[in-house]
Amino acid sequence: MRRLVLVLTCLFISACSQKSETIIIQNKGSDTLVNLAQAWAEEYKNVNTKVALAVSGGGSGTGIAALINGTVDIANSSRAIKPEERDEAKKNTGNDVKEFIVGMDALAVFVHPSNPLLGLSLEEVACIYGEGGKCTHWSDVRGTIVPGCKDNKIIRVSRQSNSGTYQYFREAILGKKKDLKLGSMDLNGSRESIDLVEKTPCAIGYSGMGYLNPRVRALCIQKTSDSDCVEPTVKSAMDKSYPISRELYMYTSGNPSEIVQAYLDWTQTDRAHEITVKAGYVPAPKR
Amino acid sequence: MEIKVTESAPLAMEWRQKKKEKPVSEKIIEGMIKTGGVSCIVLIAAILFFILKESYPFLVGAFNFKEFFFSEEWYPASVVKIRYGILALLTGTVLVTVISMLIAVPLGLACAFYISEFCSPKVREIYKILIEFLAAIPSVVWGFIAIMMINPTIIQLFDVPIGLNILNASIILALMSLPLIISVGEDALRAVPETYREAAEALGATKWEVATRILLPAAKNGLMAAALLGVGRALGETMAVLMATGHSIQIPNSIFEPGRTLTATIAAELGESPKGGEHYQALFAIGLVLFCLSFVVNLTADYLIRGRRQ
């Protein structure tokens with residue numbers, strides 16, 4: 001009897017301790033990064049069975065806001081944290097925000113497959129999207145005539161103005177001193193942008209490279225009008241020859257705990273890089 | 001204080017108890033109904049208070065009346081100069097609401113007349129079930145119908161570059177507010193006393209004459225209230241119009257151009273604006289504008305319904 005009690009107690013304790021060992025890492029933020037973060041989390045289950053990642057999207061701003069409020073362990077962001085956000089986080093949690101570059105993403109500019117245009121220079125993209133830009137019809141851009149697009153008018157597909165993708169796109173093509181033209185169709189997600197362009201011959205859109213599918217055609221981009229036209233690929237994004245590529249970040253509040261640090265380190269292993277490429281993103285350059 | 005027990009007291013107490021016994025259940029019900037009624041008012045007051053509280057710092061700070069209502073430049077995340085102009089959004093909301101009502105009100109009232117006056121009881125039952133079913137479709141599903149079915153149809157039929165536009169959203173909103181207009185309209189027609197119909201028919205009026213000359217004037221207020229409730233529905237709809245309008249900040253030159261509504265702007269941007277920031281507060285100011293708009297519409301509807309009763 002005594003032995004039985006002992007055994008049961010041991011079992012009970014071990015069961016409890018096992019349960020408490022499954023640690024959940026809260027991971028939230030950028031919609032651009034969410035697919036990749038999920039793929040990583042899926043694989044990481046096999047690497048460390050005692051750690052589970054709860055990944056959710058909502059946008060870079062949402063992730064950083066959650067970090068400031070201290071409700072996540074890792075915030076995903078497709079833009080660098082702003083100094084004022086850093087200050088606010090310091091004020092709220094008392095910790096300095098730590099930055100980790102976990103991968104890279106190239107923003108692809110894409111059109112309907114029937115559009116004969118092959119590439120654009122950054123200047124031409126700015127002419128289409130930027131405030132004050134004069135390119136309103138496809139004929140204004142290299143005299144293009146798009147079959148199936150009746151009045152040849154460019155339909156600009158964009159994103160809502162506080163998404164990380166929008167803000168990065170604006171900065172990449174216009175710098176920090178100009179806005180995008182109003183009157184674009186501001187969709188709520190990268191997938192929606194692709195779906196709309198796929199169905200609309202007159203349209204042009206942009207999104208992270210990971211979202212591209214064969215039903216839209218990505219354009220090659222020239223940095224200036226006399227430089228080479230570079231396709232958005234893993235290679236061109238990594239060597240930075242593709243002009244619209246950016247870093248993807250994960251942020252933690254203060255120095256990450258051992259478990260979180262282990263996960264962040266793992267994201268830079270070869271296996272994780274494989275997943276990164278498979279998901280359509282670009283591994284971070286070696287630190 | 002002590003009560004002196006007199007001779008007649010037992011009788012009085014018994015009587016009182018008897019009287020009390022019945023009201024117990026009644027009192028509970030009464031209380032429940034009262035709570036229901038009061039909680040409605042409290043809730044609306046709380047909503048107004050909440051919206052005011054959240055938008056207050058914006059209203060006394062960055063708010064500029066002229067820019068807010070007369071500029072179409074909605075640049076909440078601008079790097080050059082942040083501008084909060086809702087003219088384009090307001091135009092979008094008004095356009096979509098008006099055009100959807102141009103479609104839905106005649107259709108809905110005609111349907112109400114048909115169901116209430118012209119069809120057989122059996123058909124009426126079937127129609128009522130179908131209309132209730134129409135009301136049960138979630139708005140995201142309507143949005144998908146807008147993108148997947150109405151969008152390509154508009155492109156083909158009218159040969160326009162994009163099918164997500166004011167027309168598309170109006171059609172969707174019309175379909176969404178039809179069930180409301182039909183059921184309220186039908187109720188209004190049913191409420192006309194049977195004696196009116198009988199008297200008219202005794203005078204030799206045809207069914208058509210009864211409908212147009214007797215029922216239409218008699219149920220006028222109720223029918224108008226039905227239409228206005230439909231307006232309220234169209235005004236407040238969010239998800240479906242977000243998907244159907246094309247969500248583009250511009251004052252549309254025609255019904256074939258994309259636009260954007262107040263509700264859709266809040267839905268799309270609130271999630272990513274930091275809580276308590278100026279953008280967040282500006283979105284609540286939009287909420288305030290919407291609150292006022294729907295308040296006016298509902299007040300008018302209410303006034304008309306009361307007019308009918310008097």
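1. Let me start with how chain A is put together. Of its contacts (heavy atoms within 4.5 Å) between residues at least 6 apart in sequence, 73% join residues at least 24 apart. Keep in mind that this is a predicted model, where local features need pLDDT of at least 70, side-chain atom pairs count only at pLDDT 80 or more, and totals for chains, interfaces and linings use all residues. On bookkeeping, residues are numbered from 1 along each chain as its sequence is written, chains are lettered from A and ligands numbered from 1 in the order in which they are written, and side-chain values use heavy atoms, with hydrogens and water left out.

2. Still on chain A: there are 10 helices and 13 strands, taken as DSSP runs numbered from the N terminus (helices H or I, at least four residues; strands E, at least two). The C-alpha trace of chain A spans about 90 × 40 × 30 Å along its principal axes. Of its 287 residues, 53% count as buried, where buried means under 20% relative accessible area, exposed over 50%, and partly exposed in between (1.4 Å probe, protein chains only).

3. As for its surface, chain A exposes about 13300 Å², and carbon and sulfur atoms supply 54% of that. These accessible areas come from the Shrake-Rupley method with a 1.4 Å probe; for residues, only the protein chains shown count as cover.

4. Now the interface. Chain B and chain A bury about 2500 Å² between them, with 52% of it on carbon and sulfur atoms; buried area here is the accessible area (1.4 Å probe) that two parts lose on being put together, summed over both. Tyr75(B), Pro161(B) and Glu272(B) supply 29% of the area that chain B buries against chain A, more than any other three residues. In the contact you'll find 34 residues from chain A and 32 residues from chain B.

5. Salt bridges next, meaning a side-chain nitrogen of Lys or Arg within 4 Å of a carboxyl oxygen of Asp or Glu. The whole structure has 23 of them over all chains, and 3 cross the interface of chain B and chain A. Asp186(A) and Arg260(B) pair up at 2.9 Å, N to O.

6. Have a look at Asp179(A) and Arg83(B), whose side chains form a salt bridge at 3.1 Å, N to O. Asp179(A) sits in the loop between helix 6 (164-174) and strand 7 (185-187) of chain A, while Arg83(B) is in strand 2 (residues 83-84) of chain B, so the pair joins two chains. Both Asp179(A) and Arg83(B) are buried. They also belong to a salt-bridge network with Glu131(A), Arg170(A) and Glu73(B).

7. Within chain B, Arg197(B) and Glu117(B) make a salt bridge, with the closest N and O atoms 2.8 Å apart. This one links distant parts of the chain: Arg197(B) is in helix 7 (residues 194-202) and Glu117(B) in helix 3 (residues 87-118), 80 residues apart. Arg197(B) and Glu117(B) are buried.

8. Glu237(B) and Arg233(B) also meet in a salt bridge, at 3.3 Å, N to O. Glu237(B) is buried at 8% relative accessible area, whereas Arg233(B) is partly exposed at 32%.
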